[in-house]
Amino acid sequence: MTYDNENIFAKILRSEIPCDKVFENDFVLSFYDINPKAKTHVLIIPKKPFIDMADFLENAEIEIQSHFWSSVNEIIDILDLREKSFQIKSHKGKDGGQEVFHFHIHLLSNS
Ligand code: AMP
C-alpha cells in the first residue's frame with residue numbers, strides 16, 4: 001500500500017478542509033474527532049505521511065517519533081487528563097477498523 005495524498009487528514013494538514021484544533025507544533029496536529037465516541041475524543045496525527053502505526057514505528061526517524069509522543073504528553077495536560085482516566089487507540093488496516101490511512105491515535109476519555 002502506498003500513502004494516498006488525498007486522504008482526509010492530508011487535506012486537513014494542507015488546510016483544504018477545517019478541523020477543530022486542540023494543539024499544533026512543527027511535528028504534530030491534534031483535533032477533535034468529528035464523530036466523538038467519548039466525552040473527550042481527540043485525534044493526534046504526525047505532519048509527515050505515514051499510513052498507519054506499523055509504518056510510523058518502522059519508518060519514522062527516532063526524532064519524529066520522540067516529538068510525536070512528547071506532543072501526546074503535552075496534549076494530555078492541555079485536556080487536563082493527567083490525573084483522570086483515558087484510552088489511547090490506533091487502528092491498523094481495514095480489518096483493524098482503520099478508515100483514514102494517515103497514521104493517527106485516538107485519545108478518548110469519559111472522565
Ligand atoms: P480510524 O477508524 O481509526 O481510521 O478513525 C478515523 C477517525 O477520523 C474516525 O473516528 C472519524 O470520526 C474521524 N474523522 C473523519 N473525518 C474527520 C474530520 N474531517 N475531522 C475530524 N475527524 C474526522
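Predicted model: local features only at pLDDT ≥ 70, side-chain atom pairs only at ≥ 80, totals over all residues.
Visitor: Let's start with H3. How many residues does H3 have, and how far does the helix reach?
Guide: Helix H3 covers residues 62-78, which is 17 residues. From first C-alpha to last, H3 reaches 24 Å, close to the 24 Å expected at 1.5 Å a residue.

Visitor: Which residues in H3 are buried?
Guide: In H3 the buried residues are Ile64, Gln65, Phe68, Ser71, Val72, Ile75 and Ile76. They are on the same side of H3, because they cover an arc of only 150° around the axis.

Visitor: Why do residues three or four places apart point the same way in an α-helix?
Guide: An α-helix has 3.6 residues a turn, so residues at that spacing point the same way.

Visitor: What do the buried residues of H3 pack against?
Guide: They pack against strands S1 (21-24), S2 (28-32), S3 (40-46), S4 (87-89) and S5 (105-109). Helix H2 (53-59) is also packed against by the buried residues of H3.

Visitor: Where is Ser15, and what is its phi?
Guide: Ser15 is in the loop between H1 and S1. Its phi is also positive, near 60°, and Ser15 is likewise a residue other than glycine.

Visitor: Is Ser15 buried or exposed?
Guide: Ser15 is exposed, with a relative accessible area of 63%.

Visitor: What lies 2.8 Å from an oxygen atom of the ligand in Gly97?
Guide: In Gly97 that is a backbone N or O atom. A polar side-chain atom of His104 lies 2.7 Å from an oxygen atom of the ligand. For His106, a side-chain N or O atom is 2.8 Å from a ligand oxygen atom.

Visitor: How much of the ligand does the protein bury?
Guide: The protein buries 89% of the 500 Å² that the ligand exposes when taken alone.

Visitor: Back to the strands. Where is Thr40 found?
Guide: Thr40 is in strand S3. Thr40 is buried, with a relative accessible area of 17%.

Visitor: What does Thr40 touch?
Guide: Thr40 touches Leu79, Leu107, Leu108 and Ser109, not counting residues up to four places away in sequence.

Visitor: Last one, Asp20. Where does Asp20 lie?
Guide: Asp20 lies in the loop between helix H1 (8-13) and S1. Asp20 is partly exposed, at a relative accessible area of 48%.

Visitor: Which residues does Asp20 touch?
Guide: Asp20 touches Phe31 and Tyr32, with residues up to four places away in sequence not counted. The C-alpha atoms of Asp20 and Ile34 are separated by 8.5 Å, and these two residues are 14 residues apart along the chain.

Conventions:
Residues numbered from 1 in each chain as written. Heavy atoms only, no water. Helix = DSSP H or I, 4+ residues; strand = E, 2+ residues; numbered from the N terminus. Expected span 1.5 Å × (residues − 1). Buried < 20%, exposed > 50% of the residue type's maximum accessible area, 1.4 Å probe, protein only. Arc of directions from axis to C-beta. Contact = heavy atoms within 4.5 Å. Polar contact = N/O pair within 3.5 Å; in protein donor to acceptor, adjacent residues only side chain to side chain. Areas by Shrake-Rupley, 256 points an atom, 1.4 Å probe, with all protein chains shown as cover.
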